[in-house]
Amino acid sequence: MGLARDERSALSELFEEVGPDAPTLCGGWLTRDLAAHLVVRERRPDAAAGILIGPLAGYTERVQRGYAAKPWRELVELVRTGPPTLSPFSLPGVDEAANGTEFFVHHEDVRRGGPGWEPRQADTNRDEAVWRNVKKVARLNYRRSPVGVELRRPDGAAITAKRGPSTVTLTGEPGELLLHAFGRDAVRVEFEGEQRAIAVVNGLSRGI
């Protein structure tokens with residue numbers, strides 16, 4: 001199906017399983033807040049701009065609260081069915097290009113929101129798709145790092161995310177590296193480098 005569709009489907013099922021008030025890795029958001037964020041992003045372009053543009057954030061938050069107040073099954077169905085016909089996300093190829101990372105990361109935000117989580121079992125197709133997305137976002141998300149950052153898979157494949165002094169090497173499965181690139185701490189990653197440089201890399205603000 002593709003990473004975006006697979007992750008959308010799996011996240012929708014997980015939403016139904018855990019309910020609207022489960023914790024996530026997204027700050028203070030509960031699952032209802034995360035679901036509302038996804039719906040606003042795809043269905044309300046007038047409000048979605050505030051996700052990235054500070055002065056519009058207040059309007060975005062109000063619209064998002066309105067969606068979060070909807071009955072849970074209705075909100076989950078909006079996530080599951082995806083963007084409406086007139087949404088840019090419905091254009092051929094755009095869903096996979098724009099939503100693969102989005103839905104993978106947020107799926108894990110719910111999976112890892114509470115204690116006792118474990119990484120998913122390896123899946124060749126999913127992991128290769130995630131690795132392609134790591135390549136796309138690594139340089140952008142680590143661009144503010146004052147030290148070098150290298151991302152490496154266990155099989156040795158690697159990406160130089162940021163050139164600089166005191167390089168830190170992060171080794172992990174593609175999904176773990178993608179999550180770290182987006183600022184998540186609930187990851188299984190091994191670090192090589194000076195402790196001070198590792199602390200700097202872990203302290204970076206790297207995405208939503």
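Which residue takes a positive phi in the hairpin of β1 and β2? Gly156 does, near 100 degrees, in a hairpin with five residues between the strands. This is a predicted model, in which local features need pLDDT of at least 70 and side-chain atom pairs count only at pLDDT 80 or more, while totals for chains, interfaces and linings use all residues. Residues are numbered from 1 along each chain as its sequence is written, and side-chain values use heavy atoms, with hydrogens and water left out.

Strands (E, at least two residues) and helices (H or I, at least four) are DSSP runs numbered from the N terminus. Two strands pair if DSSP finds at least two bridges between them. β1 (residues 149-152) and β2 (residues 158-162) run antiparallel, joined by four bridges; Glu150 has Thr160 of β2 as its bridge partner. With β3 (residues 168-171), β1 pairs in the parallel sense, also over four bridges. Here Arg152 partners Thr171.

The open sheet has four strands in the order β2-β1-β3-β4, with mixed pairing. β2 and β4 stand at the edges with a single partner strand each, so one side of each lacks a neighbour in the sheet.

Helix α9 (residues 195-202) has Ala197, Ile198 and Val201 buried (under 20% relative accessible area, 1.4 Å probe, protein chains only; exposed is over 50%, partly exposed in between). These buried residues fall within an arc of 100 degrees seen down the axis, so they line one face of α9 (the arc is that of the directions from the helix axis to the C-beta atoms). They pack against β1, β3, α8 (174-181) and β4 (190-192), contact meaning heavy atoms within 4.5 Å. Exposed Gln195 and Arg196 sit on the face of α9 turned away from its buried side.
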